[in-house]
Structures are given as C-alpha cells and as structure tokens.
There are 2 protein chains.
Amino acid sequence: MLTTELKKDLEPISVNTRADMVELRLREYLNKKELKTGDLLPTEMELSEALGVSRNVLREALSRLRMLGLVESKKKRGMVLTNPDILGSFERVLNPQRMDTSTLKNLFELRLVLEMGLADLLFVRKTAKDIKELEAIVKNGKFEDDDVFRVTREIAFHGKLYEITGNDTLKRFQIMLLPVFDYVLKNENRSVKSNISHTDLVRILKNGTKEEFVVGMREHLRPHFELLKNL
Amino acid sequence: MLTTELKKDLEPISVNTRADMVELRLREYLNKKELKTGDLLPTEMELSEALGVSRNVLREALSRLRMLGLVESKKKRGMVLTNPDILGSFERVLNPQRMDTSTLKNLFELRLVLEMGLADLLFVRKTAKDIKELEAIVKNGKFEDDDVFRVTREIAFHGKLYEITGNDTLKRFQIMLLPVFDYVLKNENRSVKSNISHTDLVRILKNGTKEEFVVGMREHLRPHFELLKNL
DNA sequence: TTAGTACTTATGTACTACATATAAAAATAG
DNA sequence: CTATTTTTATATGTAGTACATAAGTACTAA
C-alpha cells in the first residue's frame, strides 16, 4: 500500500501544543504597541483563564518568554514587560557540534563579511589609544610560533578590531562566532599563506585609507576565502 | 536608615528559579559531545527524578529547549536531540519598539557593516541571471517617486544582493533586520543625497571590480552613514 | 512619625490524575 | 508463515489542587 511509503515522505503536519499557541498569542499580546517596557501584565490566573488553558500550560509558555527576556516576574508584584537581550537566546543555541555543515559554512562566511565590512566604522571610531593597543597585541609574541599563542593573538587582534567599532552588539556577536570559526579552522589548508600580516593591517589603519584597509583585509583573509571553496 | 536607600540602588541578587537551573543543567547535558543529533533522551520522569525537581519544573525548562529547537518530543517515543534553528529565537525577540536606542543603533550599524562586506561574496557568486534580475528591479519603477514604491524597490534590491551570496543565514538575517532599519529610517535626514544609485551599483557589479563596488556601496550608503552621527 | 507586625496576594514548586498518541507486542487473516 | 489488524503499554500533553515563598499593604504600638 501507499500509506507506508507516504509516511516516510510526508512529514505529518506539526500539531502545535497548547504551550506553542499560548506562546504565540502572548508574544502578539506583548507586541501591541500600547504596551511599553515596565508595564504590568495580568496575573497568571487571569491569563490562563482568558486563554482557556491550565496555569501549567501558561507557565510553560511564560517560561519561554522569561528566557527570552521579554518578561520578568516577581513574587506578589506580578509580571512586567522588559526589553530582551537580543543575543542571549542566540548564545544558547550556537554549538558548532550541533550544526549542519551548511549552517556552519554560512556562519563562517558571515564572519568574513563582517570583517570585510568593518573598515568604515574603524576609520571613523579609531583613536590613538586603540592603535597603541593593536600595536601591543601584534608585537607581543611576534616570534612565538606556538599554535596556542598564534590563536590567542589572532583572537586578541580581531577582537580588538570589533572593539574599536564601539558596537557592543557586533563585539558580542563576534565572540559568539569564535567557536564556529575555531571549529571550521581545524580543516584549514595551511599551505595558503597570506601576504598581509596583522602588523601590516595596523600600519594601514594608522596611516592608510579605508580603501587600502579593505584591500589589506581581503588579502589577510585570503586563506579563509580559499577555504570556502573546499567546504 | 540606609536600608531603604540601598534597596533602591542595589538590585537584589537574582535568585534563579529551579527552571532556570534545570535549563542550564540540561543544556550542559545536551552539549556533551557523546550525544549526537537524533539521540534519544531520558524520559521526563527520569530526568525530573535525577535532577530532584518536579515534572512541572522540568517541563518548564524543556519547554524552552523545545522552543530553541534543541529537542523535540513525540508521544510515547520520548525526546530526541535535534539541531536548532539558530535564527529562530532571534526572530522572536527582534521588535524595534522594545529596543533601547543603543541596541537599535548597533543593529543599524551591523547592517551597514554587512552591506559593505558583501562585495567579495557577490563577485564570487554572481551569475548572469542574477544581474538580469537586478536590472529588472532597478528598471521596474524607475520613475516612481511614490514613497511606498521607493521602499519596496529598496528592499527588493538589497534583498537580492543578499540572495546572490547564496548564504541563507545571511539572507534571513537581513530580512529580520528590515524592521529595525525601517524604524530607524523614519528619522532619516533626506537632505543628504547619494551620488550612486542602484543602477550604478548593478553596472559596477556587472562590469566593474570588487574595489569599485565597495567604493560605490559606500557612496550609496552615505546618507545612512551620515545618519549615524545624529543617532 | 516610624518601626514593627500581621495580612494579603501573585509567583514558585510539588503532586495527582487523566487524555492522547504511538511504538511495540499480540492476535488474526490470507 | 507472512501480512495486516487489534490490543497493550508507555511517554508526553493537559488540568487541577495544594502549599511554600516572597513582597506589597495595612494596621498597630512606641
């Protein structure tokens, strides 16, 4: 019969649980623009009655919203609407081991795109102090060929670049992407060498132009761009 | 006494709920590298007993993990480890209305950084078909000065650019950032006009070089970069 | 007025009971 | 003896009750 064949091919329609629906309804409710941060929400009893579900189910949905940082609940006081930490939930999920190669590749590329696009912000925001710190980073351990040192310096240098942008979200994002990058780089083709070192990049950032920096960064990242082809 | 004053200044140490702790413990458990996607997890009863909490609390934690896409549960079968949709939780939280101006600005900048960094991928991945589509987009409604049309075309054009990269994550990310961008642009200073139009960018993408494209994009985005100063 | 107490109330946790779906086992038909 | 159907066992899904805990609120006393 066809039924057995069909069952393999056709995923059954995902019957959402009550908690799923309640979560959705609550999010819609919270997004009503009349509501603003700090506003008090109805009590769990009121919500569960209004939605026609048990307090149990309601709390499973609320639990999600609390995790996302959309609401906070204090005893006796009730629940209040809060502004979420937009990257918090991202962090919980970013485990390279659980990612399919496609996503892994996408995130690897995303990082390259970010790095290539930093130039403008860098040249607007850089200070003499920043340059000094970068110089310290590239000088520090210049002759260390140890792999651990190499990676540490790599992270410190590129991390500092993100820091110079003054964009916390960007910086946090980069930190979160580090494990992904690290994971991918285990297969790196070491034969491809870049002609532009960190030292060169610092020099360009100090005395050069945006355009030169972009070209420099492209060359610096060339081994990674090459890697994309085999991924 | 000082206590009343203190209470205002010092936030009390956030006493995590059991659900918070269970969530953490479960995430640690799931991240053990022995576990791989598709693996069956212990039953709710076993987990709640092992952790020493009620099934209720356990389910609140599980509810979060299910939302993140870390686990799926089927009746009778039990729960299985799944690979999460890394951007799913991001989507639930990205409401410009709930963001402080600082985060809003950061995301606005993030988009600019991405756009400035696209060039390399674009020049690697572009096809004749892509160029044709871009040409269609810029031609279509060239003489429309209607605001709605302008925005639609804007979205279509830049969206297509992301699409050309072939990077789904990047593309989805861009779509999610649209409301933010839109929200910020309400305060845009229309007096600053760019000298590079979409048409120019398409021409460069077709016949020019990466370097030219970056310069062109910079000029194209100049009104937005200017906007950053007042934000 | 102020410090301290009791009261009230909303969230946090535990436990029980049952509904529901479904994998697995048993029974039945061919 | 294989294939199909029926039954059974079991893990998740939902509801409801009970009580613990913290924190506003009102009341009391010095």
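Ala, Val, Leu, Ile, Met, Phe, Trp, Tyr, Cys and Pro count here as nonpolar, Asp, Glu, Lys and Arg as charged, and the others, Gly among them, as polar. This is a predicted model, so to speak of local features takes a pLDDT of at least 70 and side-chain atom pairs count only at pLDDT 80 or more, while totals for chains, interfaces and linings use all residues. Residues are numbered from 1 along each chain as its sequence is written, chains are lettered from A and ligands numbered from 1 in the order in which they are written, and side-chain values use heavy atoms, with hydrogens and water left out.

**View 1. The protein surface around DNA strand C.** By class, the residues near this strand (a heavy atom within 4 Å of it) split into three nonpolar, six polar and twelve charged. There are 21 residues around DNA strand C, and the nearest are A:Arg55, A:Arg59, B:Arg18, B:Ser54 and B:Asn56.

**View 2. Polar contacts to DNA strand C.** A polar contact here is a pair of N or O atoms within 3.5 Å; within protein, one must be able to donate a hydrogen and the other to accept it, and residues adjacent in sequence count only if both atoms are side-chain atoms. The side chain of A:Arg55 puts an N or O atom 2.8 Å from a base nitrogen of DNA strand C. A:Lys76 has a polar side-chain atom 3.1 Å from a sugar or linking oxygen of DNA strand C, and a polar backbone atom of B:Ser54 is 2.9 Å from a phosphate oxygen of DNA strand C. Two or more residues of this surface come from each of H4, strand S2 (71-74) and strand S3 (78-81) of chain A, and H4 of chain B; helices (H or I, at least four residues) and strands (E, at least two) are DSSP runs, numbered from the N terminus.

**View 3. DNA strand D and its contacts.** Of the DNA strand D atoms that come within 4 Å of the protein, 70% are sugar and phosphate. B:Arg55 reaches a base nitrogen of DNA strand D with a side-chain N or O atom at 2.8 Å. Phosphate oxygens of DNA strand D lie 2.8 Å from a side-chain N or O atom of B:Arg59 and 2.9 Å from a backbone N or O atom of A:Ser54. H4(B) contributes the most to this surface, with four residues. The class count is three nonpolar, eight polar and eleven charged.

**View 4. An edge-to-face ring pair in chain B.** Rings of Phe, Tyr and Trp (its six-membered ring) pair if their centres lie within 6.5 Å; planes under 30 degrees apart count as stacked, over 60 as edge-to-face and the rest as tilted. The whole structure has eight aromatic pairs over all chains. B:Phe123 and B:Phe213 have ring centres 5.9 Å apart and planes at 75°, so they are edge-to-face. B:Phe123 sits in helix H7 (residues 119-125) of chain B and B:Phe213 in helix H12 (residues 210-220) of chain B, so the pair ties together parts 90 residues apart in sequence. B:Phe123 is buried at 17% relative accessible area, and B:Phe213 is buried at 1% (buried means under 20%, exposed over 50%, partly exposed in between; 1.4 Å probe, protein chains only).
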